[in-house]
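I opened my notebook for a friendly look around this one. Here is what I looked up, entry by entry.

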Amino acid sequence: MSKPEKKHLPLFQYKGFNLITDMHDAEKLDKLYDTEIYESDIFIVTYPKSGTIWMQQIMSLIEAKGDFNATFNMTTADRVPWIEANGTIEKFASLSPPRIHVSHLPWNYMPKELRQKKGKIIYVSRNPKDVLVSFYHFHKFSNIFETPKDFNTFLEKFLNGNVFCSSWFDHIKGWYMHKDDFNILFLSYEEMIQDLRSSVKKICTFLDRKLSDEEIDNVEEHSQFHIMKNNSCANYRDVCPEIFDHDKGSFMRKGIVGDWKKHLTVEQNQKFDEVFQEKMRDVNIKFIWSN
Ligand code: PPS
């Protein structure tokens with residue numbers, strides 16, 4: 001079978017935030033900002049490569065009370081769609097509750113009524129060095145983005161925010177510094193790796209979902225990396241053949257903590273730490289990852 005035509009989609013700036021031509025639209029995003037929010041609305045928010053698909057899988061399994069069959073035959077993006085994506089964004093206002101979506105948007109681009117503590121947000125963060133590495137590999141197998149010249153060039157772009165979704169630092173800072181405006185639960189990729197069951201329970205408590213121990217067992221089971229990697233509805237393997245070149249990589253790549261140690265040189269790591277100290281000095285966030 002011949003490969004589908006590559007589809008390179010350049011980035012464009014929406015009020016200073018990098019989005020993707022053809023996938024996002026400024027006018028629609030303006031409307032989204034003013035859209036009514038219901039108490040029952042749920043949003044997963046992440047910076048790219050922080051565990052988004054993992055949380056989409058967990059969320060949809062929680063909603064199905066752990067019943068894997070109820071989530072089968074529907075991709076994670078169909079079960080928990082991207083709010084800002086063309087195709088979803090137009091429908092959002094007319095959907096019946098409960099509306100469960102995922103987003104990479106910064107805090108001040110999401111529907112403004114969320115800031116009245118309406119709706120619930122789960123923000124997943126990840127060690128930015130592992131985000132960088134995952135993002136780099138993602139660029140290599142994703143046709144929509146320019147293939148990075150080399151790792152160092154991509155590192156510079158990442159640190160300067162010249163990538164899809166702009167700066168990791170601005171994203172996380174924005175959400176943390178405005179956390180009191182939102183009904184928000186912060187989780188990290190690292191704590192999910194450390195103890196997935198506790199994270200699932202935290203989510204259930206936050207969302208007021210009552211699941212039995214057996215139902216939680218099932219959520220945990222079907223959210224594991226090796227299970228998702230082999231589940232075509234939770235690994236992007238069969239979707240968007242024009243977007244991904246599966247001969248060059250895999251969306252479900254390694255799923256581990258600390259892979260950055262195999263990628264960054266001592267100098268690159270030092271540079272990263274300097275930028276991190278500088279950009280994050282005014283934010284009091286406790287991260288559980290080690291540098
Ligand atoms: S995206 O493009 O923003 O939607 O990507 P995102 O889903 O946020 O991140 C992809 C990375 O998450 C890893 N992943 C997981 N890790 C552990 N357990 C599970 N179940 C899991 N599911 C996805 C995925 O492998 C990507 O990380 P890397 O480091 O590249 O492996």
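How do the residues of the shell around the ligand divide into nonpolar, polar and charged? I found ten nonpolar, eight polar and four charged residues in the shell. I keep in mind that this is a predicted model.

**Entry: who surrounds the ligand.** I counted 22 residues around the ligand. The closest are Thr-52, Ser-134, Tyr-189, Lys-254 and Gly-255. H2 gives the largest share, with three residues.

**Entry: polar backbone atoms by the ligand.** Ser-50 has a backbone N or O atom 3.0 Å from a ligand oxygen. For Ile-53, I noted a polar backbone atom 2.9 Å from an oxygen atom of the ligand. Ser-223 places a backbone N or O atom 2.9 Å from a ligand nitrogen. How much of the ligand does the protein bury? Taken alone, the ligand exposes 650 Å², and 97% of that is buried by the protein.

**Entry: a helix pair.** I turned to H9 (residues 196–207) and H10 (residues 213–222), whose axes come within 10 Å and cross at roughly 115 degrees. The crossing of H9 past H10 is right-handed. On the H9 side, I listed Leu-196, Arg-197, Val-200 and Lys-201 in the contact. H10 brings Asp-213, Ile-216, Asp-217, Val-219 and Glu-220. By class, I noted four nonpolar and five charged residues in this contact, with no polar ones.

Note on methods:
Residues numbered from 1 in each chain as written. Predicted model: local features only at pLDDT ≥ 70, side-chain atom pairs only at ≥ 80, totals over all residues. Heavy atoms only, no water. Axes fitted to C-alpha atoms, helices over the stretch in contact; angles between N-to-C directions. Helix = DSSP H or I, 4+ residues; strand = E, 2+ residues; numbered from the N terminus. Left-handed = near helix turned anticlockwise from the far one by under 90°. Contact = heavy atoms within 4.5 Å. Nonpolar A, V, L, I, M, F, W, Y, C, P; charged D, E, K, R; others polar. Near = heavy atom within 4 Å. Polar contact = N/O pair within 3.5 Å; in protein donor to acceptor, adjacent residues only side chain to side chain. Areas by Shrake-Rupley, 256 points an atom, 1.4 Å probe, with all protein chains shown as cover.
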